[in-house]
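Here are some exercises to work through with the structure open beside you. Try each task on your own, then follow the solution step by step.

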Amino acid sequence: MRSVVIGGGHLAYFVVTTLREIDPKGRIIVIEFTFEKVEMLKKTFPYAEAVLSSIDKVEEYITENRSLIDVLVSATDSDALNLRYAKHSIKNEIPIVVAILNNPLNEPIFVKENIRYVINPYKTIISKVKEIVDKFRVNIIYEFSRINAGIYAFKIENAEILRKVRGLILKNDLPFFIVSSADNRIRAGSVGDIQIGDVVCISCLDKDIRSFLERIREGGS
Amino acid sequence: MTPEEYFLIIRVALAILSIALAIFLGSKLREVIARNLSKFGHAFASKFAEIVRYFLIILGVVIAFSILSLDIVVLTGISIVIVIIILISMRDIFSNYAGEIYLRIRRPFDEGDFIKVGRISGRVISINSQDVELVSIRGNRIIIPNQFFLKNPIINRSSTTPTSIELKMIFRESQVERVEGIMMEVLNEVRPELFEDPKIVSINKIDDKTEVNLVLHIINQQKIKWLINKLSGEFYKRGVEIEIE
């Protein structure tokens with residue numbers, strides 16, 4: 001698999017090491033704009049090819065190699081550049097185009113421009129804080145990128161929420177597990193086993209849970 | 001003023017009012033429809049809203065004619081004939097619009113996905129009001145009228161799903177061991193471009209030739225041509241003549 005990573009900063013480090021883990025025999029090309037960073041990349045990632053390019057030549061590179069690139073990850077320090085390269089790659093029919101955000105507030109712009117895979121590295125902050133402080137009504141644990149689905153955690157604060165969550169699970173026949181409040185252990189079971197104080201983690205399609213999330217949040221505020 | 005003239009003025013006023021009302025309602029409805037259907041794409045929403053607007057205006061004109069008491073039977077007859085002629089002459093266009101509505105609402109695939117519809121397969125470049133543009137594996141641009149999608153099953157392989165390609169290679173070489181050795185060498189050369197390790201399905205000796213069937217997994221379907229050329233080139237470099245099917 002030929003992967004091209006644009007940008008050689010700290011975001012790219014995680015991307016390159018992951019790509020290497022996914023496909024150790026694959027080809028990884030990192031495009032950077034400064035000579036010093038290219039030299040450093042060569043040392044850090046001896047298995048990857050580090051290419052020095054000017055900002056405006058990257059699109060040319062993508063167009064020339066469009067029939068060979070399988071994955072393109074735009075991970076520069078600028079969201080404007082990431083958007084520009086991602087849009088150009090999609091136009092050039094690169095199968096997997098990923099943009100990594102620097103500023104999470106820019107996410108809607110990428111979505112509006114039909115960039116299907118946008119990684120917001122800051123997203124976990126919300127779910128982590130909720131989990132650590134252990135005070136929430138709904139916590140989005142994980143959102144899948146390839147399918148419109150996710151894993152959601154609901155804290156069963158009272159009988160009303162217990163009834164609603166049980167109803168949601170039964171109505172859509174959803175897989176779930178319970179994080180017990182009594183001993184902080186994870187257990188499987190039937191909906192009848194869910195108790196007030198537990199956290200219920202549900203895996204669910206977005207369309208099945210969207211209106212439910214709104215109802216739960218409205219009820220909780 | 002005679003009563004007939006008086007009624008005629010009232011009818012003319014009502015007719016003008018009905019046309020004005022139709023234009024007003026058409027404009028308002030266009031805004032509402034464009035706003036509510038924008039999730040299916042702005043171009044599609046504004047086009048649909050425009051059709052509804054014209055329909056309302058035509059309706060207003062017909063009502064105006066009927067208020068003016070022109071011979072309603074004749075008017076209705078003419079209108080029906082005109083509508084039938086339009087429908088017949090533009091049935092393919094309407095059918096394509098219906099196809100677009102289906103594609104926008106049901107969303108069986110998106111731009112960038114790799115699909116198979118009927119016997120045609122390729123990557124979706126654009127979804128338009130009349131047609132869908134694909135690029136086939138061999139790089140040909142294919143325009144498919146939208147109505148085709150209403151009549152044929154669609155297989156969406158998605159843009160990111162790796163595709164398996166089966167290649168049959170015929171070597172003018174009867175020593176299977178030598179063929180296998182060279183094959184492994186060449187496959188190692190192209191492996192970095194593949195999604196996973198290639199699989200040799202079978203190696204058979206046929207007369208003075210050796211037939212090898214192998215499966216390669218790729219993500220970018222545009223890579224097939226390059227891969228075949230690369231394989232041929234690598235074998236050629238090693239002094240081996242092959243035919244690839």
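**Exercise 1. Decide whether A:Arg66 is buried, partly exposed or exposed, and find out which residue pairs with A:Arg66 in a salt bridge.**

Step 1. Start with the cut-offs: buried means under 20% relative accessible area, exposed means over 50%, and partly exposed lies in between (1.4 Å probe, protein chains only). A:Arg66 has a relative accessible area of 27%, so this residue is partly exposed.

Step 2. Now look for a partner. A salt bridge is a side-chain nitrogen of Lys or Arg within 4 Å of a carboxyl oxygen of Asp or Glu. A:Arg66 meets that rule with A:Glu93, and their closest N and O atoms are 3.5 Å apart.

Step 3. A:Glu93 sits in the loop between α4 (79-91) and β5 (96-100) of chain A, while A:Arg66 sits in the loop between α3 (58-64) and β4 (71-74) of chain A. Helices (H or I, at least four residues) and strands (E, at least two) are DSSP runs, numbered from the N terminus.

Step 4. A:Glu93 has a relative accessible area of 8%, so A:Glu93 is buried.

A word on the model before you go on: it is predicted, so local features need pLDDT of at least 70 and side-chain atom pairs count only at pLDDT 80 or more, while totals for chains, interfaces and linings use all residues. Residues are numbered from 1 along each chain as its sequence is written, chains are lettered from A and ligands numbered from 1 in the order in which they are written, and side-chain values use heavy atoms, with hydrogens and water left out.

**Exercise 2. Find which residues form salt bridges with A:Glu160, and explain why A:Arg163 and A:Glu160 are about one helical turn apart.**

Step 1. Recall the general idea: side chains of opposite charge can pair when their charged atoms come close.

Step 2. List the partners. A:Arg163 forms a salt bridge with A:Glu160 at 3.0 Å between the closest N and O atoms. A:Lys164 forms one with A:Glu160 as well, at 3.9 Å.

Step 3. Use the helix. A:Arg163 and A:Glu160 are three residues apart in helix α7 (residues 159-172) of chain A, so about one helical turn separates them. A:Lys164 and A:Glu160 both lie in helix α7 of chain A, four residues apart, again about one turn of the helix.

Step 4. Compare the accessibilities with the cut-offs. A:Arg163, at 53%, is exposed. A:Glu160 is partly exposed at 38%, and A:Lys164 is partly exposed at 24%.

Step 5. Widen the view. Over all chains, the count comes to 32 salt bridges. One network of salt bridges links A:Arg2, A:Arg27, A:Glu49, A:Asp70, B:Glu193 and B:Lys223.

**Exercise 3. Find where A:Asp206 lies and which residues are in contact with A:Asp206, leaving aside neighbours within four places in sequence.**

Step 1. A:Asp206 belongs to helix α8 (residues 206-220) of chain A. At 21% relative accessibility, A:Asp206 counts as partly exposed.

Step 2. Contact means heavy atoms within 4.5 Å. Leaving aside neighbours within four places in sequence, A:Asp206 is in contact with A:Asn148, A:Ala149, A:Gly150 and A:Tyr152.

Step 3. Compare sequence and space. A:Asp206 and A:Phe144 are 62 residues apart in sequence and 9.9 Å apart in space, C-alpha to C-alpha.
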